[in-house]
Amino acid sequence: MSKSDPNAPKRLALIASKGTLDWAYPPFILASAAGAMGWEVGIFFTFYGLTLLKSDLTASVSPLGNPAMPMKMPFGPEGFQNINWPMPNILMANVPGFESVATGLMKQTFKNKGVASVDELRDMCVELDVRMIGCQMTMDVFGFKREEFIKECEVGGAAMFLEYAADADVQLFI
Amino acid sequence: MSDVIKEDQVLDCSGMLCPMPVVKTSKAMKELQSGQVLKMIATDPGAPPDMEAWSRQTGNELLRSMTEAGKFIFYLKKK
(Lines give C-alpha, C1' and ligand atoms only; values in the text may rest on other atoms or scores of the structure.)
Protein backbone atom coordinates (compact mmCIF):
# COMPACT_ATOMS: atom_id res chain seq x y z
CA MET A 1 0.00 0.00 0.00
CA SER A 2 1.23 3.44 -0.77
CA LYS A 3 1.93 5.28 2.41
CA SER A 4 -0.29 8.28 1.80
CA ASP A 5 -3.39 6.30 0.75
CA PRO A 6 -4.16 2.99 2.48
CA ASN A 7 -6.46 1.89 -0.35
CA ALA A 8 -4.04 2.55 -3.20
CA PRO A 9 -2.56 -0.43 -5.08
CA LYS A 10 1.03 -1.44 -4.43
CA ARG A 11 3.57 0.68 -6.21
CA LEU A 12 6.88 -0.24 -7.91
CA ALA A 13 9.44 2.42 -8.73
CA LEU A 14 12.33 1.42 -10.99
CA ILE A 15 15.38 3.25 -12.21
CA ALA A 16 16.64 1.94 -15.57
CA SER A 17 20.20 3.18 -15.96
CA LYS A 18 21.64 0.83 -18.57
CA GLY A 19 20.88 0.73 -22.28
CA THR A 20 22.46 -2.48 -23.55
CA LEU A 21 20.26 -5.36 -24.70
CA ASP A 22 21.09 -7.58 -21.71
CA TRP A 23 20.09 -4.83 -19.26
CA ALA A 24 17.01 -3.84 -21.23
CA TYR A 25 15.12 -6.94 -20.15
CA PRO A 26 15.03 -6.59 -16.33
CA PRO A 27 13.16 -3.27 -16.05
CA PHE A 28 10.56 -4.18 -18.69
CA ILE A 29 10.08 -7.73 -17.30
CA LEU A 30 9.65 -6.53 -13.72
CA ALA A 31 7.41 -3.65 -14.77
CA SER A 32 5.09 -5.79 -16.91
CA ALA A 33 4.88 -8.50 -14.22
CA ALA A 34 4.00 -5.90 -11.58
CA GLY A 35 1.48 -4.28 -13.92
CA ALA A 36 -0.10 -7.70 -14.48
CA MET A 37 -0.49 -8.03 -10.70
CA GLY A 38 -2.42 -4.81 -10.59
CA TRP A 39 0.44 -2.73 -9.19
CA GLU A 40 1.11 0.84 -10.15
CA VAL A 41 4.49 1.05 -11.88
CA GLY A 42 6.83 3.89 -12.80
CA ILE A 43 10.23 3.62 -14.45
CA PHE A 44 12.74 6.45 -14.52
CA PHE A 45 14.99 6.06 -17.57
CA THR A 46 18.26 7.84 -16.99
CA PHE A 47 21.77 7.95 -18.45
CA TYR A 48 22.21 5.07 -20.93
CA GLY A 49 18.87 3.64 -19.86
CA LEU A 50 17.17 6.57 -21.58
CA THR A 51 17.90 5.02 -24.98
CA LEU A 52 15.40 2.26 -24.12
CA LEU A 53 12.64 4.83 -24.69
CA LYS A 54 13.72 5.66 -28.24
CA SER A 55 11.03 4.99 -30.84
CA ASP A 56 13.61 3.02 -32.75
CA LEU A 57 14.92 0.52 -30.20
CA THR A 58 18.43 -0.48 -31.22
CA ALA A 59 19.76 -1.95 -27.97
CA SER A 60 22.74 -4.21 -28.56
CA VAL A 61 25.05 -6.18 -26.33
CA SER A 62 28.80 -6.48 -26.18
CA PRO A 63 30.45 -9.52 -24.61
CA LEU A 64 33.64 -7.42 -24.43
CA GLY A 65 34.18 -6.35 -20.83
CA ASN A 66 31.12 -8.44 -19.90
CA PRO A 67 32.92 -11.54 -18.56
CA ALA A 68 29.86 -13.17 -16.96
CA MET A 69 27.90 -13.23 -20.21
CA PRO A 70 27.39 -16.77 -21.50
CA MET A 71 28.01 -17.03 -25.26
CA LYS A 72 25.51 -19.48 -26.72
CA MET A 73 24.69 -20.61 -30.23
CA PRO A 74 20.95 -20.48 -30.99
CA PHE A 75 21.04 -23.33 -33.52
CA GLY A 76 22.11 -26.95 -33.83
CA PRO A 77 21.55 -29.88 -31.44
CA GLU A 78 20.79 -29.18 -27.78
CA GLY A 79 24.24 -30.23 -26.58
CA PHE A 80 25.81 -27.77 -29.01
CA GLN A 81 23.42 -25.00 -27.96
CA ASN A 82 24.32 -25.51 -24.32
CA ILE A 83 28.05 -24.98 -24.89
CA ASN A 84 29.36 -21.82 -23.29
CA TRP A 85 31.85 -20.49 -25.84
CA PRO A 86 34.99 -18.96 -24.40
CA MET A 87 35.58 -15.55 -25.99
CA PRO A 88 38.96 -13.99 -25.34
CA ASN A 89 38.92 -10.18 -25.16
CA ILE A 90 41.64 -9.99 -27.79
CA LEU A 91 39.30 -11.70 -30.26
CA MET A 92 36.23 -9.65 -29.35
CA ALA A 93 38.09 -6.38 -29.55
CA ASN A 94 39.58 -7.07 -32.96
CA VAL A 95 36.94 -8.83 -35.00
CA PRO A 96 34.85 -6.26 -36.86
CA GLY A 97 31.13 -6.79 -36.40
CA PHE A 98 31.58 -9.00 -33.34
CA GLU A 99 29.10 -6.96 -31.34
CA SER A 100 26.33 -7.21 -33.91
CA VAL A 101 26.90 -10.96 -34.19
CA ALA A 102 26.70 -11.31 -30.38
CA THR A 103 23.54 -9.18 -30.35
CA GLY A 104 21.93 -11.34 -33.01
CA LEU A 105 22.88 -14.52 -31.17
CA MET A 106 21.43 -13.25 -27.90
CA LYS A 107 18.16 -12.15 -29.55
CA GLN A 108 17.79 -15.51 -31.29
CA THR A 109 18.62 -17.52 -28.15
CA PHE A 110 16.04 -15.57 -26.12
CA LYS A 111 13.45 -15.94 -28.85
CA ASN A 112 14.03 -19.71 -29.12
CA LYS A 113 13.57 -20.09 -25.38
CA GLY A 114 10.24 -18.24 -25.41
CA VAL A 115 11.27 -14.84 -24.01
CA ALA A 116 9.44 -11.87 -25.48
CA SER A 117 11.56 -9.31 -27.33
CA VAL A 118 12.41 -6.00 -25.66
CA ASP A 119 10.05 -4.25 -28.11
CA GLU A 120 7.20 -6.57 -27.14
CA LEU A 121 7.91 -6.17 -23.43
CA ARG A 122 7.91 -2.39 -23.79
CA ASP A 123 4.62 -2.48 -25.71
CA MET A 124 3.13 -4.57 -22.90
CA CYS A 125 4.28 -2.00 -20.37
CA VAL A 126 2.54 0.72 -22.38
CA GLU A 127 -0.61 -1.42 -22.49
CA LEU A 128 -0.43 -1.98 -18.72
CA ASP A 129 -0.23 1.79 -18.11
CA VAL A 130 3.33 1.68 -16.78
CA ARG A 131 4.51 5.26 -16.29
CA MET A 132 7.72 5.73 -18.21
CA ILE A 133 9.69 8.84 -17.37
CA GLY A 134 12.63 9.93 -19.49
CA CYS A 135 15.34 11.93 -17.75
CA GLN A 136 15.40 15.52 -19.03
CA MET A 137 18.99 16.08 -17.94
CA THR A 138 20.19 13.02 -19.91
CA MET A 139 18.34 14.29 -22.98
CA ASP A 140 20.15 17.61 -22.67
CA VAL A 141 23.55 16.01 -22.09
CA PHE A 142 23.37 13.66 -25.07
CA GLY A 143 21.52 16.09 -27.31
CA PHE A 144 18.41 13.92 -27.74
CA LYS A 145 15.13 15.45 -28.83
CA ARG A 146 11.68 14.63 -27.44
CA GLU A 147 10.57 13.48 -30.92
CA GLU A 148 13.10 10.65 -30.85
CA PHE A 149 11.24 8.98 -27.98
CA ILE A 150 7.97 7.07 -27.83
CA LYS A 151 4.99 9.36 -27.40
CA GLU A 152 3.77 7.40 -24.36
CA CYS A 153 6.70 8.49 -22.20
CA GLU A 154 6.85 11.54 -19.98
CA VAL A 155 9.88 13.71 -19.41
CA GLY A 156 10.97 14.67 -15.93
CA GLY A 157 13.75 15.10 -13.45
CA ALA A 158 15.12 13.62 -10.25
CA ALA A 159 12.72 15.44 -7.94
CA MET A 160 9.69 14.27 -9.92
CA PHE A 161 10.83 10.65 -9.76
CA LEU A 162 11.82 10.80 -6.09
CA GLU A 163 8.40 12.11 -5.15
CA TYR A 164 6.86 9.15 -6.98
CA ALA A 165 9.33 6.68 -5.44
CA ALA A 166 8.77 8.01 -1.91
CA ASP A 167 5.29 6.49 -2.00
CA ALA A 168 6.41 3.19 -3.53
CA ASP A 169 6.47 -0.17 -1.78
CA VAL A 170 9.34 -1.48 -3.91
CA GLN A 171 12.16 0.63 -5.30
CA LEU A 172 14.88 -0.88 -7.46
CA PHE A 173 17.89 0.51 -9.28
CA ILE A 174 18.79 -1.41 -12.43
CA MET B 1 -10.04 -38.16 -7.32
CA SER B 2 -10.99 -34.58 -6.60
CA ASP B 3 -13.93 -32.81 -8.15
CA VAL B 4 -13.68 -31.73 -11.74
CA ILE B 5 -13.41 -27.98 -12.18
CA LYS B 6 -15.22 -26.59 -15.18
CA GLU B 7 -13.44 -23.74 -16.86
CA ASP B 8 -15.08 -20.88 -18.77
CA GLN B 9 -11.97 -20.01 -20.73
CA VAL B 10 -8.67 -21.72 -21.63
CA LEU B 11 -5.37 -19.92 -22.08
CA ASP B 12 -2.37 -21.80 -23.42
CA CYS B 13 0.97 -20.23 -22.47
CA SER B 14 3.06 -23.26 -23.49
CA GLY B 15 6.56 -22.32 -24.62
CA MET B 16 6.44 -18.86 -23.01
CA LEU B 17 8.82 -17.73 -20.32
CA CYS B 18 8.53 -15.12 -17.58
CA PRO B 19 6.75 -12.70 -17.50
CA MET B 20 4.47 -13.76 -20.38
CA PRO B 21 2.30 -16.34 -18.56
CA VAL B 22 1.52 -13.79 -15.84
CA VAL B 23 0.88 -10.97 -18.30
CA LYS B 24 -1.32 -13.13 -20.57
CA THR B 25 -3.25 -14.47 -17.57
CA SER B 26 -3.94 -10.98 -16.29
CA LYS B 27 -5.16 -9.95 -19.76
CA ALA B 28 -7.41 -13.01 -20.08
CA MET B 29 -8.89 -12.51 -16.60
CA LYS B 30 -10.00 -9.01 -17.55
CA GLU B 31 -12.33 -10.57 -20.13
CA LEU B 32 -14.03 -12.81 -17.56
CA GLN B 33 -16.96 -12.08 -15.26
CA SER B 34 -16.66 -12.39 -11.49
CA GLY B 35 -16.84 -16.06 -10.45
CA GLN B 36 -15.80 -17.43 -13.85
CA VAL B 37 -12.82 -19.78 -14.09
CA LEU B 38 -9.76 -19.56 -16.33
CA LYS B 39 -7.71 -22.65 -17.09
CA MET B 40 -4.13 -21.67 -17.84
CA ILE B 41 -1.57 -24.07 -19.27
CA ALA B 42 2.17 -23.35 -19.08
CA THR B 43 5.49 -25.11 -19.57
CA ASP B 44 7.67 -22.56 -17.77
CA PRO B 45 8.95 -24.19 -14.54
CA GLY B 46 8.78 -20.72 -12.97
CA ALA B 47 5.02 -20.55 -13.53
CA PRO B 48 3.82 -22.38 -10.36
CA PRO B 49 5.43 -19.99 -7.83
CA ASP B 50 4.62 -17.02 -10.08
CA MET B 51 0.95 -17.92 -10.39
CA GLU B 52 0.66 -18.41 -6.62
CA ALA B 53 2.10 -14.94 -6.06
CA TRP B 54 -0.08 -13.47 -8.81
CA SER B 55 -3.15 -15.00 -7.18
CA ARG B 56 -2.25 -13.61 -3.74
CA GLN B 57 -1.48 -10.17 -5.16
CA THR B 58 -4.59 -9.83 -7.31
CA GLY B 59 -7.04 -11.66 -5.05
CA ASN B 60 -8.11 -14.02 -7.86
CA GLU B 61 -8.29 -17.44 -6.25
CA LEU B 62 -6.02 -20.24 -7.45
CA LEU B 63 -8.49 -23.13 -7.21
CA ARG B 64 -6.04 -25.79 -8.28
CA SER B 65 -2.48 -26.12 -9.53
CA MET B 66 -1.35 -29.39 -11.04
CA THR B 67 1.17 -31.02 -13.37
CA GLU B 68 -0.01 -33.12 -16.29
CA ALA B 69 2.25 -34.66 -18.93
CA GLY B 70 5.02 -32.17 -18.23
CA LYS B 71 2.68 -29.18 -18.33
CA PHE B 72 1.57 -26.97 -15.48
CA ILE B 73 -2.15 -26.39 -15.25
CA PHE B 74 -3.83 -23.71 -13.18
CA TYR B 75 -7.49 -23.04 -12.45
CA LEU B 76 -8.05 -19.45 -11.48
CA LYS B 77 -11.32 -17.96 -10.31
CA LYS B 78 -12.01 -14.32 -11.03
CA LYS B 79 -12.76 -12.39 -7.86
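Entry 1. I looked up D129(A) and found this residue in the loop between α5 and β3 (131-135) of chain A. Helices here are DSSP runs of H or I of at least four residues, strands are runs of E of at least two, and both are numbered from the N terminus. The model is predicted: local features need pLDDT of at least 70, side-chain atom pairs count only at pLDDT 80 or more, and totals for chains, interfaces and linings use all residues. Residues are numbered from 1 along each chain as its sequence is written, and chains are lettered from A and ligands numbered from 1 in the order in which they are written.

I noted that phi of D129(A) is near 60°, a positive value in a residue other than glycine. Most residues other than glycine have a negative phi. D129(A) counts as exposed because it has 10 C-beta neighbours inside 10 Å (exposed means 12 or fewer other C-beta atoms within 10 Å, buried 20 or more, partly exposed in between, with C-beta atoms placed from the backbone).

Entry 2. I then checked F47(A), which is not a glycine but has a positive phi of about 45°. F47(A) lies in the loop between β2 (40-45) and α2 (78-81) of chain A. F47(A) is partly exposed, with 16 other C-beta atoms within 10 Å.

Entry 3. In chain B I looked at the peptide bond from C18(B) to P19(B), which is cis, with omega near 5°. P19(B) sits in the loop between β1 (9-13) and α1 of chain B.
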